[in-house]
Amino acid sequence: MQTTVVGNYPKIPNRPSPARYRNALNKRDRGEITNEDLAQVGDEVTVEVIQEQTDAGVDIVTDGQVRWDDDQTYVARNFKGVNIGGLQRYLDTNTYFRETEITGDVAFESPSLVRDWKFAQENSTRPVKAIVPGPYTLAAHSLDKHYNSREKLALAFAEALRGEIDALIDAGCKHIQVNDPVIVFNKDDYPVFKQAATRLLNGVSGAETGLYTWFSDCAGILGPMQDLPVDVIGLDLVWGKKNWDALADVKFEKKLGAGIVDARGTRLESPAEVAEAVERLARLMPAERLIVSPSCGLEYLPRETAFEKLKVMVEGARRAEGVPA
Amino acid sequence: MVTEQTQQANSKVGSAGTTLTTTAVGSFARPAYLTKARSEFSQDKIGVDELRKLEREATEYWIRVQEKLGIDVLVHGEMERGDMVAYFSGEKGGNPIKGMKLGGLVRSYGNRYYHKPIIFDKLEYPGPMTVEMWQYAQSLTERPVKGMLTGAYTMVEWSFDEHYPSRRDAVLDMAKIIRAEVEELVKAGAKFIQIDEPAIHTRPDEDFQLAIEAMHATVDGIDAEFHTHICYGEVEKVYTEMIKLPVKQIHLAFKNTDFAYLDLMRKYGYPEDKDIGVGVTDIHTRFIEDIEDVKNGIRRTLEVVPPERAWILPDCGLKTRTVEESEQKLKVMVDAVAAIKTEMGLS
């Protein structure tokens with residue numbers, strides 16, 4: 001059994017610790033430091049959040065997506081045919097992302113993620129998982145002025161994102177997570193989602209690939225998802241309670257990214273609660289196919305709470321395995 | 001304290017007798033000296049009295065601006081509030097609801113962070129939270145000033161909840177708190193009370209009925225004119241239920257959606273016993289709309305609702321704009337209303 005995070009990690013700690021990345025962004029915006037200076041702070045904070053995940057005992061870490069404003073724009077802004085538009089509310093949260101405006105054919109030009117991944121892996125004792133936005137979600141959260149078709153746009157994004165994935169694998173990345181949560185809110189669109197995910201991942205080898213969802217459940221589509229060319233399926237078992245029944249109902253043959261610690265609430269779970277959830281899952285599938293994680297990215301929580309939650313998560317997972325933490 | 005002057009003022013503008021009543025949505029930009037003072041106050045460099053003095057100065061400024069422009073129903077500008085939920089949940093200098101506190105910083109977008117509140121215990125009313133500022137603002141003017149509150153659903157939705165077993169339990173307890181504050185405002189003489197619910201359409205299928213129930217619990221049986229502000233989000237998904245909210249007026253950000261809500265009103269109707277608050281200037285842009293553009297929006301509105309039932313306002317609070325931009329956005333709104341009234345021979 002392994003433990004991981006679902007991508008992002010809070011960028012700044014609370015007082016009295018300094019909010020270095022926030023301050024650096026402000027200074028850059030005021031012209032007091034250069035983009036290179038900001039990138040330097042981004043690197044330093046990345047090292048810091050990798051260290052925190054490692055200290056908490058997480059097996060597969062990420063770079064915390066420290067440099068990302070949101071999942072929607074960090075990679076897509078570098079594609080041809082994409083402009084950055086206005087703020088939109090992100091699903092059922094009180095956070096916002098910038099919409100991508102599609103003004104022409106979407107195409108990959110050069111990798112956005114390889115440099116970040118290499119830097120993170122060089123500064124981590126644990127394997128670093130790369131995060132790639134999902135083609136269906138990118139399409140659903142775009143203002144499409146060009147294709148006038150969700151399907152065509154999702155496939156164009158898949159094609160472009162494949163460029164990122166191939167580049168990550170060439171660079172030696174062994175864990176790739178695709179974030180495609182919007183499908184849980186638009187299950188009728190499953191055929192489009194499936195085509196896009198297939199185009200993105202078909203024939204990929206050399207890395208473990210995962211497709212992660214959150215905020216709701218995959219009941220009704222979890223069966224067909226077994227046919228996707230992906231190794232791990234990530235489910236939110238806190239905000240998507242129906243995932244428990246769905247897991248019991250289907251023949252689940254993938255590895256399960258088991259989101260069992262609430263990343264949208266500050267109430268701290270106990271290690272016993274985590275262990276109980278893990279044991280319940282271990283009755284449905286072999287424990288070695290479980291990758292325990294928070295329910296979604298940790299950026300909805302204050303930094304200190306996120307760290308505490310990761311510690312509890314790891315302790316609970318170890319307890320369920322019968323291993324001293 | 002209810003002054004005779006206040007009562008007279010409030011009775012001048014009601015839903016009867018006037019057309020295209022103008023108002024603002026809630027917040028205005030803070031002048032630089034107040035932003036500085038709030039930062040100093042947060043670091044204990046100045047005391048609460050000094051802060052209050054400057055908040056009042058800024059409030060008076062905005063009351064005078066609105067009077068000078070000829071706005072009918074005023075807002076106090078929320079100079080004392082950092083955030084519409086956090087103000088009631090532990091912002092320094094406020095009177096927080098018992099059972100709430102501010103948590104650590106979380107990011108809302110870009111480089112913007114806020115202290116997201118936490119419900120950590122049973123919610124209890126702490127005594128008046130907004131009455132003193134309302135009384136002060138109302139004492140400055142003969143025009144009515146709206147009491148401004150955040151609705152129970154939004155209060156809970158935008159907080160972490162570590163205490164209640166369900167969202168429903170938390171929202172209904174929160175409604176009791178907001179109701180207690182409504183009662184205090186009414187006791188003090190407020191005739192118009194705006195209860196903002198910008199989060200109301202967060203989970204339209206799952207619990208829109210809960211939001212409606214909470215509004216009933218907050219206002220039913222209380223003698224005041226209630227308005228609610230609902231901004232952005234997928235209004236079309238909740239429209240037919242939303243218009244059942246037990247308030248006299250619902251405001252929507254019409255300008256931001258190029259008046260698409262008019263189509264909903266045409267298609268599904270709009271209750272005859274309700275006024276509609278029509279946002280005619282976009283608060284997310286620096287650019288000041290051309291008067292013809294604003295007039296055109298009002299004209300389009302009047303194809304669907306009579307002028308007696310249309311209130312004219314900006315799309316949302318103006319705190320993200322500068323002082324100058326806010327004033328210009330209000331001015332073009334007021335000028336457009338005056339021009340339309342002349343054109344149409346309205347009183």
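Two strands pair if DSSP finds at least two bridges between them, where strands (E, at least two residues) and helices (H or I, at least four) are DSSP runs numbered from the N terminus. In this predicted model, E2(A) and E3(A) pair in the antiparallel sense over seven bridges. Residues are numbered from 1 along each chain as its sequence is written, and chains are lettered from A in the order in which they are written. Local features need pLDDT of at least 70, side-chain atom pairs count only at pLDDT 80 or more, and totals for chains, interfaces and linings use all residues.

**The sheet of chain A**

Three strands of chain A form an open sheet with mixed pairing, in the order E2-E3-E5. Strand E2 (80–89) and strand E5 (142–144) are its edge strands, each pairing on one side only, and the twist averages 30° from one strand to the next. Strand E3 (residues 96–107) runs parallel to E5(A), to which three bridges join it. In the hairpin of E2(A) and E3(A), six residues lie between the strands, and A:Leu91 takes a positive phi near 45°. The table lists residues that face each other across these strands.

| Residue | Opposite residue | Strand of the opposite residue |
|---|---|---|
| A:Ile102 | A:Asp144 | E5(A) |
| A:Glu101 | A:Leu143 | E5(A) |

H5(A) lies across E3 and E5 of chain A and runs at about 85° to E3(A); axes are lines fitted to C-alpha atoms, for helices over the stretch in contact, and angles run from 0 to 180 degrees between N-to-C directions.

**The nonpolar cores**

A nonpolar core is a set of buried Ala, Val, Leu, Ile, Met, Phe, Trp, Tyr and Cys residues joined through C-beta atoms within 7 Å, a residue being buried if 20 or more other C-beta atoms lie within 10 Å of its own, with C-beta atoms placed from the backbone. The largest such core has 97 residues, of which A:Tyr136, A:Ala154, A:Phe157, A:Ala196 and A:Ala258 touch the most other members. Helix H5 (residues 150–170) of chain A gives this core its largest share, ten residues. A second, separate core of 94 residues includes B:Phe28, B:Trp62, B:Val219 and B:Leu330.

**Where the chains meet**

Counting two residues as in contact if their C-beta atoms, placed from the backbone, lie within 7 Å, 19 residues of chain B are in contact with 24 residues of chain A. On the side of chain B that touches chain A, E2(B) gives the most, with seven residues.

Notes. Buried ≥ 20, exposed ≤ 12 C-beta atoms within 10 Å, placed from the backbone.
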